[in-house]
Amino acid sequence: MFPGGQPNMQQLLQQAQKMQQDLAKAQEELARTLVDGTAGGGLVKATVTGAGELQNLVIDPKAVDPEDTETLADLVVAAVRDANETAQKMQQQKLGPLAQGLGGGGIPGLPF
């Protein structure tokens with residue numbers, strides 16, 4: 001299973017610790033990175049962190065129709081989804097290689 005015989009346990013522990021540190025660093029970077037999503041041709045703009053936490057929502061006054069709040073709600077949901085899709089892609093790019101280093105089977109609680 002291991003090239004050259006049995007692995008050195010100390011080396012394995014060091015590698016696991018480094019991967020854990022790299023994963024924590026990548027997660028911190030994602031939490032600080034802001035990603036935008038839009039809907040309605042830019043009438044609604046949502047900003048989320050790379051971890052998917054909603055940080056800001058901007059609604060153009062042109063999108064506000066007191067007679068049609070359903071459309072506004074749909075635009076808000078669409079903008080947040082757009083931002084979260086971008087954040088998820090970013091998570092996969094940053095965290096995916098780290099998960100491969102941990103066996104590639106995915107890590108419980110992470111979106112890949």
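Q: Where is Gly-96 placed in this predicted model?
A: Gly-96 belongs to helix H2, which covers residues 69–101. Helices (H or I, at least four residues) and strands (E, at least two) are DSSP runs, numbered from the N terminus. The model is predicted: local features need pLDDT of at least 70, side-chain atom pairs count only at pLDDT 80 or more, and totals for chains, interfaces and linings use all residues. Residues are numbered from 1 along each chain as its sequence is written, and side-chain values use heavy atoms, with hydrogens and water left out.

Q: Why is Gly-96 called buried?
A: Buried means under 20% relative accessible area, exposed over 50%, and partly exposed in between (1.4 Å probe, protein chains only). Gly-96 has a relative accessible area of 15%, and is therefore buried.

Q: How far apart are Gly-96 and Leu-23 in sequence and in space?
A: They are separated by 73 residues in sequence and by 9.7 Å in space, C-alpha to C-alpha.

Q: Why is Thr-49 called buried?
A: The relative accessible area of Thr-49 is 5%, so this residue is buried under the cut-off of 20%. Thr-49 lies in strand E2, where five of the six residues, numbered 44–49, are buried.

Q: What does Thr-49 touch, not counting residues up to four places away in sequence?
A: Contact means heavy atoms within 4.5 Å. The residues touched by Thr-49 include Leu-30, Gln-55 and Ala-87.

Q: How many bridges join E2 and E3?
A: Strand E3 (residues 54–59) pairs with E2 over five bridges, in the antiparallel sense. Ile-59 in E3 is the bridge partner of Val-44. E2 and E3 also form a hairpin with four residues between them, and Gly-52 in its turn has a positive phi of about 95°.

Q: Which elements does the protein contain, and how do they run from the N terminus on?
A: The protein has two helices and three strands, in the order α-β-β-β-α.

Q: What share of the protein's residues is buried?
A: Of the 112 residues, 24% are buried.

Conventions: Pairing = 2+ DSSP bridges.
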